[in-house]
Protein chains: 2
Amino acid sequence: MKKINIKIRVSNGFETVIGPGKADLLQHIIDTGSISAAAKKMNMSYRRAWELINTMNQSFDEPIVIAKTGGIHGGGAELSDFGIKILNLYKVLIQKMLATVDEEITQINSHLKSWK
Amino acid sequence: MKKINIKIRVSNGFETVIGPGKADLLQHIIDTGSISAAAKKMNMSYRRAWELINTMNQSFDEPIVIAKTGGIHGGGAELSDFGIKILNLYKVLIQKMLATVDEEITQINSHLKSWK
DNA sequence: TGACGTTATTCCTTAACGGGAATAACGTTT
DNA sequence: AAACGTTATTCCCGTTAAGGAATAACGTCA
């Protein structure tokens with residue numbers, strides 16, 4: 001059993017707008033309600049997580065993540081309705097794309113060395 | 001008109017086995033018959049081109065690029081039949097994948113800022 | 001044998017990336 | 001007012017990535 005892996009990124013021409021890492025991060029923010037907690041779950045620095053989020057928020061015409069400082073637990077973050085929509089679009093994108101190329105993936109996989 | 005761009009890479013789990021850059025390089029090798037000429041056309045250093053090729057040759061169970069030193073023009077490189085097969089598989093992979101998600105791409109694109 | 005142009009490989013240096021620490025701002029709770 | 005935990009932001013530093021230069025090896029041709 002080998003471990004071929006298709007990575008799909010959406011770029012605006014010079015930077016990734018959403019891809020595997022950013023989508024993962026968004027999902028963890030949904031789960032935890034916090035940027036720092038999401039980052040920790042991914043073994044990612046807060047600094048980097050914030051950068052990814054900032055890139056996304058600046059790339060789209062509406063914010064993806066809404067963050068608040070202060071308050072009951074010091075603050076927190078959640079996806080905007082728009083952010084949820086984009087994340088779901090990305091998930092659908094991946095699902096559809098992968099569903100169509102089982103044959104080609106199998107063929108490429110069969111020629112990959114397995115010890116890596 | 002915006003410039004959304006979907007990048008698809010095939011990974012073996014820890015490195016890219018074929019993706020946009022490597023596929024481009026292979027095509028240029030077909031066109032030029034030389035690693036150095038192909039690299040030059042892409043504004044890529046020979047050193048890097050060789051690394052990409054080496055990664056591919058080591059990742060698959062057959063060589064993708066066959067290179068020769070010496071001879072009439074100092075040497076040269078060409079894709080093996082297997083390399084041509086893999087490159088075509090990748091092209092088909094991309095074509096099929098992109099063909100299925102026109103709707104999602106259009107939607108994401110419509111929410112991307114255009115000045116980037 | 002010497003010239004030629006390409007592949008193959010090593011070494012050094014520079015640039016980019018990302019982590020960690022430090023700090024401020026914030027708003028609720030006590 | 002003080003404490004708390006999170007976001008937001010800036011600095012510094014080490015690691016890694018990538019480029020360039022240099023050199024050897026190679027096989028054909030003159």
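Is B:Leu89 buried or exposed, and what is its relative accessible area?

Author: B:Leu89 is buried, at 10% relative accessible area (buried is under 20%, exposed over 50%, partly exposed in between; 1.4 Å probe, protein chains only). This is a predicted model, in which local features need pLDDT of at least 70, side-chain atom pairs count only at pLDDT 80 or more, and totals for chains, interfaces and linings use all residues; side-chain values use heavy atoms, without hydrogens or water. Residues are numbered from 1 along each chain as its sequence is written, with chains lettered from A and ligands numbered from 1 in the order in which they are written.

B:Leu89 sits in helix α4 of chain B (helices are DSSP runs of H or I, at least four residues; strands are E, at least two; both are numbered from the N terminus). Set aside its neighbours within four places in sequence, and B:Leu89 is in contact with A:Glu104, A:Gln107 and A:Ile108 (contact is heavy atoms within 4.5 Å). Within chain B, take B:Ala39 as a reference point. B:Leu89 and B:Ala39 are 50 residues apart in sequence, and their C-alpha atoms are 23 Å apart in space.

Helix α5 of chain A (residues 102–110) packs with α4(B) at about 155°, and their axes are 10 Å apart (axes are lines fitted to C-alpha atoms, for helices over the stretch in contact; angles run from 0 to 180 degrees between N-to-C directions). α5(A) and α4(B) are therefore roughly antiparallel to each other (over 145 degrees; under 35 is roughly parallel, 65 to 115 roughly perpendicular, the rest oblique). The crossing of α5(A) and α4(B) is left-handed (near helix turned anticlockwise from the far one by less than a right angle; clockwise is right-handed). From α5(A), the contact is made by A:Glu104, A:Ile105, A:Gln107 and A:Ile108. From α4(B), B:Lys85, B:Leu89, B:Val92, B:Leu93 and B:Lys96 take part.

Next, α4 in chain A. Helix α1(A) (residues 20–32) packs with α4(A) (residues 81–99) at an angle of about 130°, with axes 11 Å apart. That makes α1(A) oblique to α4(A). The crossing is again left-handed. A:Pro20, A:Ala23, A:Leu26, A:Gln27 and A:Ile30 supply the α1(A) side of the contact. A:Leu87, A:Tyr90 and A:Lys91 supply the α4(A) side.

B:Ser80 is in the loop between β4 (75–79) and α4 (81–99). B:Ser80 is buried, at 12% relative accessible area. Beyond its neighbours within four places in sequence, B:Ser80 is in contact with B:Pro63, B:Ile64 and B:Ile66.

In chain A, A:Asn12 lies between β1 (5–11) and β2 (16–18), and A:Asn12 is buried at 4%. A:Asn43 is in the loop between α2 (35–41) and α3 (46–59) of chain A. A:Asn43 counts as exposed, at 75% relative accessibility. The phi of A:Asn43 is near 55°, positive in a residue other than glycine. In chain B, B:Asn43 lies in the loop between α2 (35–41) and α3 (46–59). B:Asn43 is exposed at 75%, and its phi is positive, about 55°, although it is not a glycine.
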